[in-house]
Amino acid sequence: MAATPRLPDFAWGVATSAFQIEGATVEDGRGPSVWDTYTGTPGKIRDGHTAATACDHYHRYSEDIALMRDLGIDVYRFSIGWPRVRPGGTGPANGAGLDFYERLVDGLLDAGITPMATLYHWDLPQPLEDAGGWLDRDTPHRLAEYAAICAERLGDRVRHWITLNEPFEHMALGYALGQHAPGHTLLLDALPVAHHQLLGHGLATSALRAAGAPHVMLTNSYTPAVPFTGNENDLTAAEVYDVLHRRLFTDPVLLGRYPDLSALGLESLPFVKDGDLEAIAQPLDGLGVNYYNPTRVAAAPSESPLPFEIVEFDHVKTTDFDWPVIPSGLTQTLVELTEDYGTALPPLWVTENGCSYSVEPAADGSIPDQDRIDYLAAHVKAVDNAIAQGADVRGYLVWSLLDNFEWAEGYHQCFGLVHVDSETQDRTPKASFDWYREHIVQSRRP
């Protein structure tokens with residue numbers, strides 16, 4: 001294997017989220033989240049699937065840790081379920097919920113795996129949504145309180161913390177377009193959700209620091225905005241999309257200011273109060289990068305309520321999710337962050353990268369998911385290319401360890417290195433699991 005420019009302590013890992021794998025949604029004091037409400041609403045989830053059982057990780061976490069030990073990873077990124085720890089979003093913590101995460105963390109450490117905990121992966125306690133959700137300025141303060149609860153119980157063992165996962169997606173799909181929980185369709189009126197999530201990030205970061213957390217990150221999704229053509233209107237539309245998707249969620253954190261949002265019809269931001277930007281722009285130890293594909297952008301039709309239109313790429317291989325497979329976009333993402341933010345940019349972590357391909361077990365029980373192997377190999381090479389061009393990347397985490405509940409798609413999209421039988425919950429590592437394990441071994445050889 002050819003030598004790479006990665007640092008010797010470059011970390012390999014996998015990522016999951018609580019709602020997508022845990023199940024046990026009504027056990028041991030867990031309260032309802034916006035996603036429990038959304039999945040219980042007819043017509044919202046494909047084929048009426050729910051996450052009531054999901055991958056039953058709540059009961060099978062030891063089995064999943066054993067799989068990770070066999071995989072040979074350095075880091076496991078998981079999320080803590082807010083409704084499991086503080087069911088009402090306010091009030092006392094749920095001891096049984098914290099006990100579960102303590103068992104999980106201890107099991108990971110016993111297996112030689114570093115836990116990386118995400119505080120918020122979209123599962124807002126339903127009582128907080130009833131009070132206004134992320135449209136309400138109180139919610140950031142509730143996130144900070146919840147962060148302090150988690151850090152008090154787990155901070156002596158969890159060193160790596162992530163405040164939020166993909167605030168752009170949560171705003172866009174959950175509050176602007178209604179495709180995810182909580183299902184609002186506010187379009188650009190959802191922009192206060194962006195600010196309140198970022199404020200929550202800043203306040204939670206302060207709470208984690210106060211508890212002694214040594215490594216705090218924010219994880220954003222990133223996607224290069226590719227103009228549909230070279231004409232001026234398409235170029236402008238791509239720039240506007242980049243402001244909305246990338247800079248809106250990065251500039252305030254790293255630069256302490258919002259980008260120019262006038263192209264979105266915002267000359268001022270009345271939801272930004274004195275002191276907010278200072279709270280948001282806390283120094284970070286890393287920036288999480290979730291990457292799946294670039295986005296092709298054209299000028300909007302005259303009747304469109306948005307100043308851009310998303311269009312498909314031509315003649316490009318796609319995943320089962322119809323997402324284009326363009327590994328060079330990951331290199332571009334990492335290099336552009338490095339060039340655009342300079343010394344303000346902390347080290348980068350690829351906190352999610354993966355693909356959906358459904359492959360059923362063969363007659364001999366094997367699961368030959370060659371398309372996933374090809375995808376991962378190409379994207380690992382894309383990370384190496386970015387490092388060679390000056391990007392400071394410290395780790396790469398595959399989404400996901402397990403086939404899981406994929407939000408509005410239910411169980412129809414399979415991102416896992418491990419197949420999960422929906423009836424028996426039996427776990428079967430795929431060929432991509434074996435490939436990743438061998439890749440990790442090879443990467444550690446001098």
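This is a predicted model: local features need pLDDT of at least 70, side-chain atom pairs count only at pLDDT 80 or more; totals for chains, interfaces and linings use all residues.
**Exercise 1. Which residues have the most contacts inside the largest nonpolar core, and how many residues does this core have?**

Residues are numbered from 1 along each chain as its sequence is written, and side-chain values use heavy atoms, with hydrogens and water left out.

Solution. 
- Step 1. A nonpolar core is a set of buried Ala, Val, Leu, Ile, Met, Phe, Trp, Tyr and Cys residues joined through side-chain atoms within 4.5 Å. Buried means under 20% relative accessible area, exposed over 50%, and partly exposed in between (1.4 Å probe, protein chains only).
- Step 2. The largest such core has 131 residues, and Val14, Tyr76, Ile80, Trp161, Leu334, Tyr396 and Tyr436 have the most contacts inside it.
- Step 3. Helix α9 (residues 191-210) gives the most to this core, namely 8 residues; helices (H or I, at least four residues) and strands (E, at least two) are DSSP runs, numbered from the N terminus.
- Step 4. A second, separate core has 7 residues, among them Ala11, Met116, Ile162 and Met217.

**Exercise 2. Determine the surroundings of Lys317.**

Solution. 
- Step 1. Lys317 is located in the loop between β9 and α13 (328-341).
- Step 2. With a relative accessible area of 44%, Lys317 is partly exposed.
- Step 3. Apart from neighbours within four places in sequence, Lys317 is in contact (heavy atoms within 4.5 Å) with Trp323, Pro324, Val325, Tyr357 and Asp371.
- Step 4. The side chains of Lys317 and Asp371 make a polar contact at 3.0 Å. Such a contact is a pair of N or O atoms within 3.5 Å; within protein, one must be able to donate a hydrogen and the other to accept it, and residues adjacent in sequence count only if both atoms are side-chain atoms.

**Exercise 3. Describe the sheet that contains β6, β8 and β9.**

Solution. 
- Step 1. Two strands pair if DSSP finds at least two bridges between them.
- Step 2. The open sheet has 3 strands in the order β6-β8-β9, with mixed pairing.
- Step 3. β6 (225-227) and β9 (309-311) each have a single partner strand, so one side of each lacks a neighbour in the sheet.
- Step 4. β6 and β8 (residues 295-298) run parallel and are joined by 3 bridges; Pro227 stands opposite Val297 in β8.
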